[in-house]
Amino acid sequence: MSGYLLTNQQAGSFQALTTTYKTQVRAVAAASAVRRLRYLEFEFSSISVPSSTDCQVLVDVTYCGATTAGTPTAATPQPTDSGAAIGTQIDTATSTGGVNYNGEPTTFVTANNFYLRAFNQRSGVLWQTEPGREIIQPSTISTGSALRGQSTNYVGFLATKLLYDEL
C-alpha cells in the first residue's frame, strides 16, 4: 500500500486567510474504484509576514459531503514510495486533490469535524496519528474532508500538507 502527499504548494495561488474558513487542501475519493482515505499526518504553518497585532490562526479538518463543492485548483496526489528508482512511481492514486480554493464549499458536515486547533501566527501545528487512531474517510464517491484555516486579523497565507493512504 502506497501513501500519498498533497500540499497547497503543488498548484494554484495561495489564498489569503479571512475571518471565514479558507479551504487549503482537500483529498477527494475517486468517482470510480472508490477507496476509503486514511489520514496519517497533516501540517499547517503560517508563511507570510506576521500581523502587527499578535493573533491566532484557527484550523480544522471537516468532512465535506458534496461531490463538486467549491472552486479549487486541481493537484495530483504524489506517491510517497518512489519505487525502485527516483521518479518511478509504483502506485497512482485513485483519489484526486483540490488545493487553494478560491470559492468555498458550502456543504460541510460540522458534526463531522475531525480536528480543531488554534495556533499563534508565528508558529504552526503538526498532527501525526497514533497507530490505530487514524482519521478514516468513508468510501463515498467524490467526497472528502477539507483542511481549512481562518483568522480574525492574520491575512497571510498557510502552507498546508496532508499525508494519507488509500484503503
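The following legends describe close-up views of a predicted model.

**View 1. The largest nonpolar core of the predicted model contains 27 residues.** The residues with the most contacts inside this core are Y39, F42, F44, V59, L147, L162 and Y164. Two or more core residues come from each of the strands β1 (3–7), β2 (22–28), β3 (37–46), β4 (56–64), β8 (108–120), β9 (124–128) and β12 (158–166). Of these elements, β3 gives the most to the core, with four residues.

**View 2. V59 and its surroundings.** V59 is one of the residues with the most contacts inside the largest nonpolar core. When neighbours within four places in sequence are left aside, V59 is in contact with F44, Y115, L116, R117, F119, V125, R148, G149 and L158.

**View 3. Six strands form an open sheet with antiparallel pairing.** The order of the strands is β5-β7-β2-β11-β4-β8. Because β5 (71–75) and β8 stand at the edges and each has a single partner strand, one side of each is left without a neighbour in the sheet. On average, neighbouring strands of this sheet are turned by 20 degrees against each other, direction ignored. As a general point, the side chains of a regular strand alternate between the two faces of the sheet.

**View 4. Strand β4 is paired with β11 and with β8.** Seven bridges join β4 to strand β11 (residues 144–150), and these two strands run antiparallel. Eight bridges join β4 to β8, again in an antiparallel arrangement. D60 stands opposite R148 in β11, and D60 also stands opposite L116 in β8. A further pair is formed by L58, whose bridge partner in β11 is Q150. Strand β4 is mostly covered, since seven of its nine residues are buried.

**View 5. Two residues that are not glycines, A33 and N100, each have a positive phi of about 50 degrees.** Most residues other than glycine have a negative phi. Are A33 and N100 buried or exposed? A33 lies in the loop between β2 and β3. Because its relative accessibility is 53%, A33 counts as exposed. N100, by contrast, is found in strand β7 (residues 96–103). With a relative accessible area of 2%, N100 is buried.

**View 6. The cysteines C55 and C64 are buried.** C55 has a relative accessible area of 8% and is therefore buried. C64 counts as buried because its relative accessibility is 0%. A disulfide is a covalent bond between the sulfur atoms of two cysteines. How many disulfides does a search of the whole structure find? The search finds zero disulfides.

View 7. Not counting residues up to four places away in sequence, Q128 touches L40 and E41. Q128 and Y39 are 89 residues apart along the chain, and their C-alpha atoms are separated by 8.8 Å. Y39 is also one of the residues with the most contacts inside the largest nonpolar core.

Terms used: Residues numbered from 1 in each chain as written. Predicted model: local features only at pLDDT ≥ 70, side-chain atom pairs only at ≥ 80, totals over all residues. Heavy atoms only, no water. Core = buried A, V, L, I, M, F, W, Y, C linked by side-chain atoms within 4.5 Å. Buried < 20%, exposed > 50% of the residue type's maximum accessible area, 1.4 Å probe, protein only. Contact = heavy atoms within 4.5 Å. Pairing = 2+ DSSP bridges. Axes fitted to C-alpha atoms, helices over the stretch in contact; angles between N-to-C directions. Disulfide = S-S within 2.5 Å.
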